[in-house]
Amino acid sequence: MTNAFPMSFAQQRLCFLHRVDPTGAAHSSARCFRVTGPLDTEDLRTALEALVARHEPLRTVFPLGTHQHVLKQARGDMRVVDVATEAEALRHAEALVSQPFDLEHGPLLRLAVHRVEPETHLLVFFVHLLVADGWSQQVFFEELAIAYQAAVTGAPTTLPELPVQYVDWAAWQREQLTEARRAELSRWWRQRLSGIPLVLDLVSPRPALGRGRRMHRVLSAELTSAVHAFASAERQTVFTVLSAACGVVLGHHSGRQQVLLGLAVANRDLPEVERVLGFFVNTVVLQVDLRGNPTFRELLARVSEATAAAYAHKDLPFEQLVADLAPPRDPTRSPVVQVNFAYHPTGTAGVLGLHGCTVTEPRWDLPTAKFELTLRVEDRGDGTCTVWAEFDESLFDASFIDDLLTSYEEVLRAAAPEVPLSSLRPAHTTTEQRLTRIFADVLGVTAVAPHDDFFRLGGHSLQLIDVAARVRTELGRDLGLRELYQNPTAAGAAARLERTGASR
């Protein structure tokens with residue numbers, strides 16, 4: 001019986017990306033937990049071995065890049081290290097997540113236990129996405145807790161037999177995506193994204209080097225509760241409110257009226273695969289349409305419709321969508337979407353519990369980034385929520401990300417049903433403020449909002465010459481007529497003049 005199986009479409013893309021960038025930072029996931037109590041590391045090792053035997057992806061390797069090979073037997077990679085302080089443990093954790101995975105030989109899951117004191121440990125979980133996506137991690141932590149308790153107490157492990165494994169789903173996926181279905185999905189997506197720029201200019205062009213970094217902002221329990229209450233009152237999901245606010249912030253910083261966000265779709269529609277480990281996730285594109293200065297309520301309706309439509313057409317693999325859209329090759333940008341967004345309600349981000357111990361997850365900013373920029377909101381058990389920004393620091397300055405997180409919090413605080421977007425996006429840079437004044441003076445009006453369109457306010461081509469002259473005189477910068485035509489708002493022109501997100 002062969003142990004070589006076809007890869008899923010998503011695995012093929014990951015294998016290709018890994019070979020382009022073998023560091024693995026963009027294709028892996030790291031979590032770090034503090035464990036207080038009598039942790040038995042040998043029983044933890046026994047539990048890990050049980051899961052490796054149970055789940056084929058944990059003993060799968062990718063030697064040629066065309067097939068996945070499931071090993072009949074494999075050992076779990078678990079290391080136990082004695083350290084003097086938590087700071088030293090964190091340095092070990094950072095070193096662990098900086099070591100590339102070996103796709104050809106494996107293993108693609110690493111577990112490291114750093115013993116600080118007899119009853120204080122830091123547990124680092126590091127996995128390649130080829131074998132476990134976000135949903136899989138939640139399953140892994142739940143089953144690790146069950147297997148560990150069984151090992152500690154001497155009871156049998158009560159995990160039911162899996163009806164299928166990941167390779168079965170990968171084969172099923174290929175059978176379902178017939179050529180007719182693929183053509184139908186492709187046609188819909190091409191029509192949906194027609195005319196929308198596929199590059200979000202948050203920063204000036206430069207190579208993304210994959211130097212990952214995390215920053216976070218904790219939103220108070222009061223604000224978190226207000227967001228949930230607002231979503232309920234508007235009969236919208238919390239995700240819709242949070243993603244709409246994200247689109248507002250990104251549109252403001254880029255000067256764009258249409259923003260494309262990448263969303264990770266779980267692809268767990270079949271009940272047989274609910275407890276199966278593997279990389280099921282697909283990326284779909286969410287359009288956030290900011291045109292016409294809608295109220296926030298109107299924006300929520302737009303985002304809700306766009307989300308439902310995207311999910312209804314989620315079965316086209318993202319790499320095939322990219323090939324169909326054929327955007328210009330640009331080594332400084334990810335194709336189609338450069339910003340990904342995710343929301344994790346309480347308990348869905350993967351909670352670890354170990355028998356007889358207290359497990360917490362400190363908010364440590366480990367050096368990882370799967371994409372150029374990911375904004376991820378996680379509800380916490382204490383009523384607060386954490387907004388994570390994972391980003392490539394070769395593209396973004398920490399000051400830019402901090403400004404982005406601040407803007408996001410401000411938009412969530414100010415959001416109300418009848419508030420127009422122009423009121424949610426005040427000029428937040430000196431350049432924008434000066435440009436809004438120049439636009440207003442040239443047009444002969446009292447005030448211009450950062451995202452008001454120059455031409456919709458009655459401006460004409462000859463007046464743009466006056467704008468360009470004022471910019472040169474007052475700002476000491478050149479802004480050509482072509483650039484003004486392409487960026488007819490103060491926010492867009494400011495973004496063109498100063499890439500505040502450009503790295504040092």
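This report walks through the strands, helices and some single residues of a predicted model.

## The five-stranded sheet

Start with the open sheet. Its 5 strands follow the order β5-β6-β7-β2-β12, and their pairing is mixed. Strands β5 (77–82) and β12 (358–360) stand at the edges. Each has a single partner strand, so one side of each is left without a neighbour in the sheet. Direction ignored, neighbouring strands of this sheet are turned by 20° against each other on average.

Strand β5 runs parallel to β6 (residues 109–117), and 6 bridges join the two. Find Arg79, and you will see Ala112 of β6 standing opposite.

## Helices on the sheet

Helix α2 (residues 41–54) packs on this sheet. The strands that α2 touches are β5, β6 and β7 (120–128). The direction of α2 makes about 165° with that of β5.

Helix α3 (residues 86–97) lies across β2 (28–36), β5, β6 and β7. Compare its direction with β7: the angle is about 10°.

Pro107 sits in the loop between α3 and β6. The peptide bond that joins Gly106 and Pro107 is cis, with omega about -10°.

## A buried histidine

His55 is found in the loop between α2 and β3 (60–61). Is His55 buried or exposed? Its relative accessibility is 0%, and buried means under 20%, so His55 counts as buried.

Which residues surround it? Leave aside the neighbours of His55 within four places in sequence. His55 is then in contact with Glu143, Leu162, Gln165, Arg275 and Leu277.

On the α8 side, the contact uses Phe239, Thr240, Val241, Ser243, Ala244, Ala245 and Val248. On the α9 side, they meet Phe296, Leu299, Leu300, Val303, Ser304 and Thr307. The residues of this contact of α8 with α9 divide into 9 nonpolar, 4 polar and no charged.

Now take α13 (residues 430–443) and α16 (residues 490–497). The axes of α13 and α16 come within 9 Å, and the crossing angle is roughly 130°. That angle makes α13 oblique to α16. The crossing of α13 and α16 is right-handed. Helix α13 brings Thr431, Glu432, Leu435, Thr436 and Phe439 to the contact. Helix α16 brings Ala490, Ala491, Ala493, Ala494 and Leu497. In the contact of α13 with α16, 7 residues are nonpolar, 2 are polar and 1 is charged.

## An enclosed strand

How many of the 7 residues of strand β13 (residues 373–379) are buried? The count is 7 of the 7, so β13 is largely enclosed by the rest of the structure. Both faces of β13 are covered. On one side, Leu373, Leu375, Val377 and Asp379 are buried. On the other, Thr374, Arg376 and Glu378 are buried.

Strand β13 has strand partners too. It pairs with β11 (residues 339–344) in the parallel sense, over 6 bridges. It runs antiparallel to β14 (residues 385–392), and 7 bridges join these two. Thr374 shows both pairings. Asn340 stands opposite Thr374, and in β14 the bridge partner of Thr374 is Glu390. Strands β13 and β14 form a hairpin with 5 residues between the strands. In this hairpin, Gly383 takes a positive phi near 95°.

## Two asparagines with positive phi

Where does Asn267 lie? It is in the loop between β9 (258–265) and β10 (282–289). The phi of Asn267 is near 60°, a positive value in a residue other than glycine. Asn267 has a relative accessible area of 11% and is buried.

Asn293 lies in the loop between β10 and α9. The phi of Asn293 is positive and near 50°, in a residue other than glycine. Its relative accessibility is 31%, so Asn293 counts as partly exposed.

Conventions:
Residues numbered from 1 in each chain as written. Predicted model: local features only at pLDDT ≥ 70, side-chain atom pairs only at ≥ 80, totals over all residues. Heavy atoms only, no water. Pairing = 2+ DSSP bridges. Helix = DSSP H or I, 4+ residues; strand = E, 2+ residues; numbered from the N terminus. Axes fitted to C-alpha atoms, helices over the stretch in contact; angles between N-to-C directions. Contact = heavy atoms within 4.5 Å. Parallel < 35°, antiparallel > 145°, perpendicular 65-115°, else oblique. Left-handed = near helix turned anticlockwise from the far one by under 90°. Nonpolar A, V, L, I, M, F, W, Y, C, P; charged D, E, K, R; others polar. Buried < 20%, exposed > 50% of the residue type's maximum accessible area, 1.4 Å probe, protein only.
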